[in-house]
Amino acid sequence: MGASGTEPSGGGEGLKRRGCSCGKDDFLPEESFESWGNYANALRSTPARFKDRFFTRSADSTELVEVKARSQHEMKKTLNWWDLIWFGLGAVIGAGIFVITGIEAKKHAGPAVVMSYAVSGLSALLSVFCYTEFAVEIPVAGGSFAYLRVELGDFVAYIAAGNILLEYVIGGAAVARSWTSYFTSLCNQDDSNAFRITVHGWSEDYKYLDPIAVGVIIFICILAVLSTKGSSRLNYVASIIHVIVILFIIIAGLTKADTDNYKEFAPNGARGIFQASAVLFFAYVGFDAVSTMAEETKNPARDIPIGLVGSMVITTTLYCLLAVTLCLMVPYQVIDEDAPFSKAFETVGMGWAKYVVAAGALKGMISVLLVGAVGQARYLTHIARTHMMPPWFAQVDAKTGTPVHATIVMLAATAVIAFFASLEILANLLSISTLFIFSLVAIALLVRRYYVTGVTTDANRNKLILCIVMILAGAIATSAYWGVSHDWVGYCVTAPIWFLGTLGIWFLVPQARSPKLWGVPLVPWLPSLSIGINIFLLGSIDGASFVRFAVWTVIILVYYIFFGLHASYDTAKDSEAKRLEGGKYETKVEGTKDSDLDGAYSKASTEPAN
């Protein structure tokens, strides 16, 4: 088949290395792209191939063994739970708390921004639970892409993959631009755009060009390429300094607290709190990068739950304390939007402290960028292993044990966006992408627990589908009603739909699978609540961001129809053919579950292949 030219004989587990070559076969080695005639035939077969990929579900064993092997070299297992906690803190605590807090407190939530952080933190923690169960059971670099591919199929996984990559590029760009703002403050400049190049005549959102942000990203790229363990050590240092600075802000800031600033606690009511919460979810983005490191973790069953859940609990606590401190120091109306904490200390007569805050913020943002760079490269690596993206991105360097190509390309895209786009645009678009992916992962967890091919009856499958549709319908209706109405009557209809859907799964559908090592508690309630909160928060994001999200979705769909679909189809069929040639039992691996790993048998042939 088409991919055979790129894989060595004797099992097909790996990509043939071509040194530093960068020819067509590194990007489109599949049979569909060998000639224009083949490509024309592939395009004519698009409907049938799309149907095949849409209903195809991968297996745990496929992701853990075969797909992983396509990188030729193994990633080095060097991380433990202590590393993951600090990676989690480093990934999350950065531009969100140090920049977006000021914007949302001033524009929407007021002192009630602490409530916004609590809501966003609850949503993030529920998502962490879902990610943790998957990461323990399927410890591969693909993170949510691999989880969705196993439970919801190739097409849904691809749509999520496009948004995962968008999430990381936008998140990195936003943090890099924030780094420039705080560096400006550290240099005692009043204008946050002092070190940016202004292009007059361009839109306000794109006219401030940021070469410093590009330079920071290049520095991060070099670190991420060299070593994962080395990145971990640097992250230790940066994160420890960061936490010390955060504690300084809380303690020193509270000595200047004025409770009069809390008299107008929620100036825009609940609507302002939730509107801010949707954007502040940006401050929690990054923890999913820790799940992509499962492949490099020594003991995933122990280390991942401690690392993921522990870092999220610590992060949420610190965020709420910082939000309280900021609004007690200065009235929310005078909070500076670009460097809120630095300017707050200057306002209360502690001008010297702004340098400490700015330096700590810069260190923290370095951690966020570094962990993001590590995580996004591993996502792209695993996506490329399936050939939905060119397999050149899947190659892992034999010496460093890192995905060099994926790291460089992702950070190059991040640098381009960071050079042009403003922080507010990036934050809104990032929140949509992230909330969308987290909702899909929660749905996938419900499917994983309640549906196993060959075990779940057709009647129970249909009940599960109906209940999930009710959960989604209730959540979407609630979110839409929130966006268009200011009264509460409609929630008496929309919320019970969500509740009845969840209750239906609990009472009517038996669990088909139990987690082997670590599982989310209170299933289906916690995953369903995660879906509900994530979708509800989407209703508080501005319409222009949804337009940008739709444009991006169309772009990735066009790529999929013309390239990704045919490349992944050829690769999957080539894999099946090679198994048959090896005389193994045919299990239709791309569409079923592996009995040894999942504890459930699939509807597979037990006849030996010829």
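This is a predicted model: local features need pLDDT of at least 70, side-chain atom pairs count only at pLDDT 80 or more; totals for chains, interfaces and linings use all residues.
Residues are numbered from 1 along each chain as its sequence is written. Local features need pLDDT of at least 70 and side-chain atom pairs pLDDT 80 or more, while totals for chains, interfaces and linings use all residues; side-chain values use heavy atoms, without hydrogens and water.

Helices and strands were taken as DSSP runs (helices H or I, at least four residues; strands E, at least two), numbered from the N terminus. Helix H9 covers residues 154-186. At 1.5 Å a residue, its 33 residues should span 48 Å. The expected span is 1.5 Å times one less than the number of residues. The end C-alpha atoms of H9 are 47 Å apart, which agrees. H9 is also mostly covered, with 30 of its 33 residues buried. Here, buried means under 20% relative accessible area, exposed means over 50%, and partly exposed lies in between (1.4 Å probe, protein chains only). Just after H9, Asn188 has a positive phi of about 65 degrees.

Most residues other than glycine have a negative phi, and most peptide bonds are trans. Two loops hold exceptions. His387 lies in the loop between helix H16 (353-385) and helix H17 (404-420). Its phi is positive, at about 70 degrees. His387 is buried, at 2% relative accessibility. Leu522 is placed in the loop between H20 and H21. Leu522 has a positive phi of about 55 degrees. With a relative accessible area of 60%, Leu522 is exposed. Pro524 sits in the loop between helix H20 (491-508) and helix H21 (525-538). A cis peptide bond links Val523 to Pro524, with omega about 10 degrees.

Helix H22 (residues 543-581) gives the largest share of the patch, four residues. Val558 belongs to H22. Its relative accessible area is 43%, so Val558 is partly exposed. An α-helix has 3.6 residues a turn, so residues three or four places apart point the same way.

Cys221 is buried, at 14% relative accessible area, whereas Cys492 is exposed, at 61%.
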